[in-house]
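This report is meant for a reader who is meeting the structure for the first time. It moves from the overall fold to a few selected places within it.

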Amino acid sequence: MYGPLCSCGQRGCWEAYVSKRAVIARYRGTDPSWPASEETASVTIEHILARARAGEGRALETLRETGFFLSRGLATIVKAVDPRRIYVGGEITAAWDLLVPTLREGLRGDEVVRETGEPEILTVPLAEHPRLRGAAALIHTRAFAAPDVS
């Protein structure tokens, strides 16, 4: 009902705020908070990261906003399951140093996270295929195992 449309068909999902597609949309101006621009029509996540590293204000602000939205989702995870360590993967980790200050600030702004303590947040290099490894790990958990029908 609220928030941007997600690829799952719902509105306001975390993916609609922090996915690669969401970062590009925010930068391109298809997010209502940014004016659209012809110059950004063919931009990729790699362009945004390179432009942020070069000091471009729009790219830096896009990453700061992404860091904030990431902090909101991580704060929800911390409140729900209280992990001591969280691993983050994906293209965005190439600019982790640029968005982590905003992410940490967002986490520290959450009272429950302040009380329980921030988890350690580590990035997983893309070469390690974090999404594939996570999916494979699910197969080995009892919760996802085939039921015993004997």
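## Terms and overall layout

Two residues are said to be in contact when heavy atoms of theirs lie within 4.5 Å. The model is predicted, and its protein chain holds 7 helices and 2 strands, which run from the N terminus in the order α-α-α-α-β-α-α-β-α.

Of the 150 residues of the protein chain, 35% count as buried, and the chain exposes about 9400 Å², of which carbon and sulfur atoms supply 57%. Among contacts between residues at least 6 apart in sequence, 61% join residues at least 24 apart.

## The loop around Thr93

Thr93 sits in the loop between strand S1 (85-89) and helix H5 (96-108), and it counts as buried because its relative accessibility is 15%, where the cut-off for buried is under 20%. When neighbours within four places in sequence are left aside, Thr93 is in contact with Val88, Thr123 and Val124. A polar atom of the Thr93 side chain also lies 2.7 Å from the backbone oxygen of Gly90.

Helix H2 (residues 20-28) has as its buried residues Ala22, Val23, Ile24, Arg26 and Tyr27, and what covers them includes helix H1 (15-18), helix H3 (45-53) and helix H4 (57-81). After H2 comes Gly29, whose phi is positive, near 100°.

The largest nonpolar core has 27 residues, and among these Trp96, Leu103 and Ile121 touch the most other members. Two or more residues of this core come from each of H2, H3, H4, S1 and H5, with H4 giving the largest share, 7 residues. Not counting residues up to four places away in sequence, Ile121 touches Leu74, Ile86, Val88, Trp96, Leu103, Arg104 and Leu107.

A disulfide is a covalent bond between the sulfur atoms of two cysteines. The structure holds 0 disulfides. The sulfur of Cys6 has its closest cysteine sulfur in Cys8, and because the two are 3.8 Å apart they are too far for a bond. Cys13 is likewise in no disulfide, the nearest cysteine sulfur being that of Cys8, 3.7 Å away.

## Salt bridges

The structure holds 12 salt bridges. One of them joins Arg26 and Glu65, with the closest N and O atoms 3.3 Å apart, and this pair links distant parts of the chain, since Arg26 belongs to helix H2 and Glu65 to helix H4, 39 residues apart. Although it takes part in a salt bridge, Arg26 counts as buried, at 2% relative accessibility.

Another salt bridge brings together the side chains of Arg64 and Glu61 (3.2 Å, N to O), and here both residues lie in helix H4, 3 residues apart, about one turn of the helix. Arg64 is partly exposed, with a relative accessible area of 37%, and Glu61 is partly exposed as well, at 28%.

A further salt bridge is that of Arg72 with Asp110, whose closest N and O atoms are 3.1 Å apart. Arg72 lies in helix H4 and Asp110 in the loop between H5 and helix H6 (111-116), so the pair ties together parts that are 38 residues apart in sequence. Arg72 counts as partly exposed, at 29% relative accessibility, while Asp110 is buried, with a relative accessible area of 7%. Arg72 and Asp110 are linked with Lys79 in a network of salt bridges.

Key:
Residues are numbered from 1 along each chain as its sequence is written. This is a predicted model: local features need pLDDT of at least 70, side-chain atom pairs count only at pLDDT 80 or more; totals for chains, interfaces and linings use all residues. Side-chain values use heavy atoms; hydrogens and water are left out. Helices (H or I, at least four residues) and strands (E, at least two) are DSSP runs, numbered from the N terminus. Buried means under 20% relative accessible area, exposed over 50%, partly exposed in between (1.4 Å probe, protein chains only). Accessible areas come from the Shrake-Rupley method with a 1.4 Å probe; for residues, only the protein chains shown count as cover. A polar contact is a pair of N or O atoms within 3.5 Å; within protein, one must be able to donate a hydrogen and the other to accept it, and residues adjacent in sequence count only if both atoms are side-chain atoms. A nonpolar core is a set of buried Ala, Val, Leu, Ile, Met, Phe, Trp, Tyr and Cys residues joined through side-chain atoms within 4.5 Å. A disulfide is a pair of cysteine sulfur atoms within 2.5 Å. A salt bridge is a side-chain nitrogen of Lys or Arg within 4 Å of a carboxyl oxygen of Asp or Glu.
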